[in-house]
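This report describes a single protein chain, from its overall make-up down to individual residues. The sequence and the model come first.

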Amino acid sequence: MINIKLFNLIVTFSENDRKNLNLFIKSQDNIAGRKYYPLFKELERYKMYPDKLKLIPAEKIFENAYGGKKFSKQTISNRQTELLKLILRYFEQTSNQNNQLARLNSLYNELLSRNLLSEFRKIYDKNLKIHNEYLFKEESYKDLQETVLNDASYYQFKKMPEKANEIYFSHSKILMADILCKLYRTGLEFLVQKYYSISHEQNPILNLIESVNGDEFFESLAETSEKIFIIPQIRYFLFKCFQFPGEKKYIRQAEKIYFENEKYFYDDFKIDVYRMIMSYYIIKINIGETKYYENLYRLYVRKLKQNLVSDIKYCNYPANIFREYVITGIRVKKFKWVEKVIKKYSPLLPENIRGDEYSLAMIRFHFAKNEFAQALKIIVEHKSNNIMHYFDLSMYRLIIYYEMNRYEEAYYEIDRIKHFMKNRNDIPEVTLKPFRKFINIFQKLLNFRSNPNDKKYDNLMFELKRNNGAYVMKSWLAEKVISLNR
């Protein structure tokens with residue numbers, strides 16, 4: 001069998017990862033008797049087709065990789081384990097290479113341990129600018145604490161306790177910032193889980209947060225004007241946005257502090273903050289406050305202007321940021337912007353969902369512009385093995401038939417979908433339930449339009465209200481039902 005851990009690592013690599021990893025594995029092959037690069041390249045061929053890989057014996061994979069050479073089962077197992085360890089070693093090396101502060105700390109520790117104090121002072125002072133940049137890198141607060149403690153150790157060695165204690169106090173501020181960020185970031189994740197009906201009894205994190213008057217505490221932090229407390233303030237006010245979504249002062253404060261300092265932050269933090277603010281507005285939209293689509297649109301424009309697009313490269317199907325760009329742009333009728341987004345950013349999507357997401361984006365785009373024939377053409381021509389995409393295409397096929405008054409074809413499509421759902425036992429109920437609700441209301445809407453003797457509008461409106469849960473195309477259905485009574 002193919003080592004699933006090994007394969008799961010390979011499928012996560014970006015283009016840049018693969019280039020660097022290729023060089024790393026080739027360099028190891030040059031100094032070792034065994035060659036791992038041919039196996040890596042052969043497995044990589046199947047990263048988009050894991051189901052195909054399951055059908056091919058591992059012996060055949062090895063024969064393809066090594067020019068027909070045969071291997072024993074034990075050798076096949078060993079080589080895969082060795083390649084897995086090699087890739088993990090690559091991760092270790094690259095993670096250290098990318099963390100400049102961690103590398104400096106290793107150097108500082110070495111110099112202090114050898115009592116090379118003058119050399120430490122010279123190198124430490126030379127890199128003060130780098131240290132200060134990490135005040136805006138939340139995930140490096142732990143490394144920054146070690147950096148400051150190295151400085152305190154220097155003054156201890158120099159028999160300067162007052163200076164050492166002063167630095168220990170500055171360390172306590174970084175420690176406090178680190179604790180606050182972890183506390184409110186974790187608390188926010190728990191609040192988001194609540195919106196998806198995931199709760200934990202006696203949650204100690206939320207209990208602790210709720211027992212403290214945070215507003216007063218963070219007002220006092222803001223008065224200090226210390227850079228190290230900027231990110232904790234953002235984390236706090238983002239948490240409060242989700243704790244009290246009706247209190248607009250918290251989202252205003254979170255955005256104010258973030259945007260005033262945005263130029264200092266690293267891209268990963270920027271994307272994370274945008275994600276949280278966008279999630280807040282999406283929650284507001286989901287409870288009916290559709291005016292917040294304008295806020296979302298402005299955020300997306302600002303985010304993309306800064307080329308903060310790495311999250312597109314790791315999108316999943318069906319929910320992802322690329323899809324949100326398209327939907328929001330359509331809702332605020334910025335069609336030229338939507339067209340540009342689809343063209344410019346769809347190539348960044350992971351290869352395994354790129355075609356499906358592109359086709360669905362273009363279907364939405366044409367549908368929103370009432371270009372039903374163009375949308376239907378894409379639906380007919382696009383083929384996919386993704387069940388969720390099948391439902392998306394079927395849904396749009398139905399509403400396009402409705403808009404084009406092609407009712408007989410819509411009835412035929414409903415029968416086809418019901419037959420499909422009945423004969424597939426591998427579709428999760430969480431997928432089926434909202435789609436069944438849509439089909440149920442849509443068919444009654446279709447009956448109302450196509451049958452001149454069945455005009456019971458009150459019954460149709462009752463059905464719409466009775467299914468007042470989560471289901472697809474809810475706003476479109478409501479609009480069509482209400483329009484029948486005008």
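Two residues are in contact when heavy atoms of one and the other lie within 4.5 Å. The model is predicted, so local features are reported at pLDDT of at least 70 and side-chain atom pairs at pLDDT 80 or more, while totals for chains, interfaces and linings use all residues. Numbering starts from 1 along each chain as its sequence is written, and side-chain values use heavy atoms, with hydrogens and water left out.

**Overall build**

The protein chain contains 26 helices and 0 strands; these are DSSP runs, with helices (H or I) of at least four residues and strands (E) of at least two, numbered from the N terminus. The C-alpha trace spans about 100 × 70 × 45 Å along its principal axes. Of contacts between residues at least 6 apart in sequence, 65% join residues at least 24 apart.

The accessible surface is about 27,000 Å², and carbon and sulfur atoms account for 51% of it; areas follow the Shrake-Rupley method with a 1.4 Å probe. Of the 486 residues, 46% are buried, where buried means under 20% relative accessible area, exposed over 50%, and partly exposed in between.

**Nonpolar cores**

A nonpolar core is a set of buried Ala, Val, Leu, Ile, Met, Phe, Trp, Tyr and Cys residues joined through side-chain atoms within 4.5 Å. In the largest core there are 132 residues, and those with the most contacts inside it are I234, F322, F391, Y396, F438, F442 and W476. Apart from neighbours within four places in sequence, F442 touches L398, I399, Y402, A410, I414, W476 and L477. A second, separate core has 27 residues, among them L9, I25, L39 and F40. In soluble globular proteins, nonpolar side chains tend to be buried together.

Q145 belongs to helix α10 (residues 141-157). Q145 counts as buried because its relative accessibility is 9%. Beyond neighbours within four places in sequence, Q145 has contacts with H171, I174, L175 and D178. The C-alpha atoms of Q145 and S172 are 8.5 Å apart, although 27 residues separate the two along the chain.

Most residues other than glycine have a negative phi.

N370 counts as exposed because its relative accessibility is 56%.

Notes:
Buried < 20%, exposed > 50% of the residue type's maximum accessible area, 1.4 Å probe, protein only.
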